[in-house]
Amino acid sequence: MTVTTDNTPDFSDLGLGPSLLKAVEEAGYTRPTTIQAQAIPVVLMGRDVLGCAQTGTGKTASFTLPMIEILAAGRAKARMPRSLILCPTRELAAQVAENFDKYGKYHALSKALIIGGESMSDQVALLDRGVDVLIATPGRLLDMFDRGRILLNDVKVLVIDEADRMLDMGFIPDVQRIVSLLPKIRQTLFFSATLGPEIKRIADDFLMNPKEVSVSPQHSTATTVEAFLAVVDEIDKRETLRHIIRVEAVKNAFIFCNRKRDVDILYRSLSKHGFDVVQFHGDMAQPARVEALGKFKSGEARLMVCSDVAARGIDISAVSHVFNFDVPIHAEDYVHRIGRTGRAGLDGRAYTIATPEDGKHVVAIETLIKAQIPRIDVEGVPALELSMEPRKRRAGGRGDDKGASPRGGRRGGERPERAPRPERTEQAPAAERPERAPAPERQAAPERPARPERAERGERPERPERSDRPERSDRRDRGARRRRVDEFGIGEMNHADGVTGFGDHFPDFMAREVPPELLVKDEK
Ligand code: AMP
């Protein structure tokens, strides 16, 4: 396990009963982690807790163990759960549920997992029988509540897990509404990886005289992680990534992109290059997420391209590498991302691939972690320098982190101008320059492959010819067009006549009969 202290007490000193101690022993834990040692006695006393701890510190057991003890006495009524754990993602919720199974095996507690993407009727059936522990994502829980499937006025213990992630994902209004539906007299345990002012303000609303427990300084990265940063042209990022993966002994790795659509693009590119890779992001259907996670956990896929939100909270302890294919926009995400490796005392490596335009974000990260990320050169790829100029908005609308165009691809077949490489002679003398860490051992650089074709870089399916698809417009326009077509009288139209606006071409879709019910009278 990751965080322990020399004078950590034994599990038996924390006030847990014999059945729990047995389950903990069978889980293979010899000593409680720091957060467990701090939180468990406080939770057992019935006090509110404000916990600052990241995934990997053993924080889940720090609330599940005492909750099992507290809930051991008493029984749940139908549709009235006795405790509620709110999690930002389905995966985290599933992991919390697994924890209850593992530690609660000698207790007859019932639990239900209420998460999106799973059958609602199964979840309703469980609730109807009455559950001691309800683990839920906020959206699905409110959905159930609004359908009258659940009553929240018997909840005695509330856990809000990964509150900072809830904030990032815009879930706080949902959480606030849920909390307003709970009894005022309850015990609340609030966990967050960071405790910024915004989170503290939110915590203040939910907690009463909480005991603050926290592990590891807030903005530290694990000391067992070696981090490196390569600065390259946008167009060289994929090649840089592939090269590092090839020359490093990558057992398994998370590869982070800033945007969901880039996850998909990079995933397809890596697959095409023969890497065993899965992708994981919030827009994927639940079965696809489960399958991807399963493959990655079992080692069937060595690489997982993912977004921050999705990967947060996935508990895989022995990941050898983390790659930041994009420099995170929020410096704290850097800490979370690279914290996915170097866990449980194992060594890990984290590579960040930056473009010159990322200068501002790299500085923010280095300020946060109070260290410079050693720079490396990657064989076969021109090394560039960071620029402190703000990111330019590019044609096609790509702003800082929200844009419309795929990354790493040229637009319109044109090659963007490569930023001029700084002349070596223009660089500061070695003594003034930050020390470069020795580049990790490399084998001879593989031949730089020919620049990929545009179609491969963009990886986008070809658009159908404009003439084969209806013009994009809003529904009202479509209705209007249908009316216009009808006025013409399709049956009387001759293909050879052509159609206004289409030249000689007669598009197929216009020849399709329009069912009368689609000739909308009153579209809203
Ligand atoms: P968490 O921070 O809750 O995601 O836990 C991270 C990992 O640590 C999980 O795989 C737990 O099973 C494991 N773990 C939790 N408590 C302990 C402990 N006291 N000793 C060793 N491993 C633990």
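**Reading the sheets**

Tutor: Start with one residue pair. L84 has L134 in β4 as its bridge partner. Keep in mind that this is a predicted model.

Student: Which strand pairs with β4 (residues 133–136), and in what sense?

Tutor: In general, strands of a sheet pair through backbone hydrogen bonds, parallel or antiparallel. Here strand β2 (residues 83–86) pairs with β4 in the parallel sense, over 4 bridges.

Student: What is the strand order in the open sheet?

Tutor: The order is β3-β4-β2-β5-β6-β1-β7, 7 strands with parallel pairing. β3 (111–114) and β7 (211–214) each have a single partner strand, so one side of each lacks a neighbour in the sheet. Neighbouring strands are turned by 15° against each other on average, direction ignored.

Student: Which helices pack on or lie across these strands?

Tutor: Helix α2 (residues 34–44) packs on the sheet and touches β1 (49–52), β6 (187–192) and β7. The direction of α2 makes about 160° with that of β7. Helix α4 (residues 90–103) lies across β2, β3 and β4, at about 170° to β3.

Student: Now β11 (residues 303–306). Are its faces covered or open, and which residues show that?

Tutor: Check burial on each side. Both faces are covered. L303 and V305 are buried on one side, M304 and C306 on the other.

Student: Which strands pair with β11?

Tutor: Strand β9 (residues 253–256) runs parallel to β11, joined by 4 bridges. F254 has M304 as its bridge partner. Strand β10 (residues 277–280) also pairs with β11 in the parallel sense, over 4 bridges. There, F280 partners C306.

How values were computed: Residues numbered from 1 in each chain as written. Predicted model: local features only at pLDDT ≥ 70, side-chain atom pairs only at ≥ 80, totals over all residues. Heavy atoms only, no water. Buried < 20%, exposed > 50% of the residue type's maximum accessible area, 1.4 Å probe, protein only. Helix = DSSP H or I, 4+ residues; strand = E, 2+ residues; numbered from the N terminus. Pairing = 2+ DSSP bridges. Axes fitted to C-alpha atoms, helices over the stretch in contact; angles between N-to-C directions. Contact = heavy atoms within 4.5 Å.
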